[in-house]
Amino acid sequence: MLKRSLRNSFLRIASLICLPILCVGTLVFYFSFTTLVKETQNRINASCHLMEQSLTNVFREVNKQKSLFEGNSILYLTILQLLNNETLTYEQVQTLRTITPIFNSTLGYDNIYHSLYVYMPNRFDNFFSSNNRRENLKTTRDPEWYQTFLNMPEDENILIQRRTIRESSLLTYDVISIYQRFHKNNVIVINIRSSYFENILTDVAELENMQFFLLDLKNQPLVSSLNTEDSHGIDFTSIMEQDSDTITIRHQDYFVEAVNDNPYMNYVFLIPRRSLYALSNKILATTFLTGGLGLLISISIAWYTNDQRRNQIFSILSVFEAAEKQQQLPEMVPVITDEYSLILNNIIKTFLRNNELNMKLTNLQYQKASAELVALQCQLNPHFLFNTLQTINFELMQLPGSAGAVRMLANLSHLLRYTLDSPEKLPSLQDEILATKEYIALQKVRYGDTFDVLWDYEEDALQELVKRLLIQPIIENSLLYGMKGKQGKMIIKIKILKQNHALNYTIIDNGTGMAPARLREIAECLKQENYVPHNHIGLANTNQRIKLQYPGSPGIHLYSKENMGTIVSWSCPLAEP
């Protein structure tokens, strides 16, 4: 029976834990994979569009240079004349200086174009250079381009080549040279910095591990993105001709996107399959790992609940045995809310219901009687005190020389009435100040002329409702501890300001103050909840009252310096009228 219960518990718990994990994991895997594929295709399309725009801009400049010579016969003849002279006259030098800015302005940004060459067949092998104006093929530092031009087939009007321009032994430039033939044997060579295309490829290759190759029309690599491996050994011609969208290179599978409809260049995207599937594989692995963990948890919970049920069965049997022998019922194990709990509850209900009801009835009657007694005492004590004080006051008034005692009793009577009368009703600040002055008058009798109290408050704050007796305990604390060892009269200043929907209290005295160690000790004690003070009782009680009556309030702030005095401040939100 117990083995069957264990199996049923395991199947029920496993279905509640593992099935939702597997379902959610499968759905997340499916949607993440499909979303990733769509996002990848969208990014590739955007990258193709960006590359197409960049190439269009570059070759627009190339065609602009070609049109400049084909459409302007005067410029063409002028340059040809300049190239056909071994030396230049002063007027020809000036003409060359006038022509050079035309090419430089057409080239545009300096960080894209390195230089421009214009060659027209001439007797002295001269050519025009945007950097050095007029150069000779025999003396130039960059003769390689001319040999490439000579090797161009006559029916080929445009050629793109990656090469290196060596301006000195230490200074070299990697460029993409675009050869544009015009008028059959004439050529324009525009040298574009390779870094320009590399930056474009870096911006285009947004996906992690994406590899981007820029090819010429013969599918020879010109530029590759910075995060690619060496492109040697990759057959780009077969990649451009195949119909499949996947390829294996160096034992690694790639998704391929090849574009060959550009009239000037081709380009290829390669994305490793492992990078594309990385997130989905992590989700799948996490799903199976979480499912396995769910199985372990299911086994643990099933084992635990089965053990609890076994203990409950033995407990039920012991209850039956004790009930039959009319013995005291044994202590029960914790109840589990299932079918066994129902059986156990029905058993103990029969034996314990009457005793439980009788105990509850007795307890309620006791609580009711205690509450009535407390209410009577609370009602009796204040009236008894007031009546007794009034009787003593009348007796003293009949005795000669008792005016001081009469005033003290009147002050004490008013203070007690303020303290105990209608505790559920909030007094105004004016009533609180009057009650505090009654207390100060009583202390004046005790301490004489050893202290003075100064008041500073705003008239428009007197009608605000406040809690009772917040100021009096602080004054009592100042008199009790600040007067000890005090030389001269002590001054206590009470400042009450109304601002920011709150009443801000500040009580300052010039008493003996506290040492730093004692100040830190009291400050730490005031931060504790349910702190029972041995001294500074008024300070601690006021702090607790503020925190209880204004939840979230930090309580009082205490500042003191030995032999200089003490400052106590706190803030209370304005009460609703």
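Q: Which residue forms a salt bridge with K489, and how far apart are the closest N and O atoms?

A: K489 pairs with D449, and the closest N and O atoms are 3.4 Å apart; a salt bridge here is a side-chain nitrogen of Lys or Arg within 4 Å of a carboxyl oxygen of Asp or Glu. K489 sits in the loop between α12 and β13, while D449 sits in the loop between α11 (429–447) and β12 (451–457), so the pair ties together parts that are 40 residues apart in sequence. Helices (H or I, at least four residues) and strands (E, at least two) are DSSP runs, numbered from the N terminus.

Q: Before we go on, what kind of model is it, and what are the ground rules?

A: This is a predicted model, in which local features need pLDDT of at least 70 and side-chain atom pairs count only at pLDDT 80 or more, whereas totals for chains, interfaces and linings use all residues. Residues are numbered from 1 along each chain as its sequence is written, and side-chain values use heavy atoms, with hydrogens and water left out.

Q: Which residues are linked with them in a network?

A: The network of salt bridges links K444, D449, D452 and K489.

Q: How many salt bridges does the count come to?

A: The count comes to seven salt bridges by this rule. One of the others to look at joins the side chains of K498 and E464, at 2.9 Å from N to O. K498 lies in strand β13 and E464 in the loop between β12 and α12, so this pair ties together parts that are 34 residues apart in sequence.

Q: Where is G488, and what is its C-alpha distance to T450?

A: G488 is found in the loop between α12 (472–482) and β13 (490–499). G488 and T450 are 38 residues apart in sequence, and their C-alpha atoms are 7.3 Å apart in space. G488 is exposed, with a relative accessible area of 56%.

Q: Switching to backbone: which residues other than glycine have a positive phi?

A: Among them are L469, with phi near 55 degrees, and H501, with phi near 60 degrees. L469 is found in the loop between β12 and α12 and is buried, with a relative accessible area of 15%. H501 lies in the loop between β13 and β14 (502–509) and counts as exposed at 70% relative accessibility.

Q: What about cavities, how many are there of 30 Å³ or more?

A: The count comes to two cavities of 30 Å³ or more, and the largest cavity has a volume of about 50 Å³. On a 1 Å grid over the protein atoms alone, a cavity is a set of points where a 1.4 Å probe fits but cannot get out, and lining residues have an atom within 4 Å of a point. Grid points are joined across faces, edges and corners, and a volume is the space filled by probe spheres set on the points.

Q: And what lines the largest cavity?

A: Its lining is made by I79, L82, L83, L96, I99, F127, F128, R133 and R134. The elements that give two or more residues to this lining are α2 (73–83), α3 (90–107), β2 (126–129) and β3 (133–136). The largest share, three residues, comes from α2.

Q: Zooming out, how many helices and strands does the protein have, and what share of it is buried?

A: The protein has 14 helices and 16 strands, and 39% of its 577 residues count as buried. Among contacts (heavy atoms within 4.5 Å) between residues at least 6 apart in sequence, 59% join residues at least 24 apart.

Note on methods. Buried means under 20% relative accessible area, exposed over 50%, partly exposed in between (1.4 Å probe, protein chains only). On a 1 Å grid over the protein atoms alone, a cavity is a set of points where a 1.4 Å probe fits but cannot get out, and a pocket is an open set with protein on both sides within 12 Å along at least five of seven lines; lining residues have an atom within 4 Å of a point.
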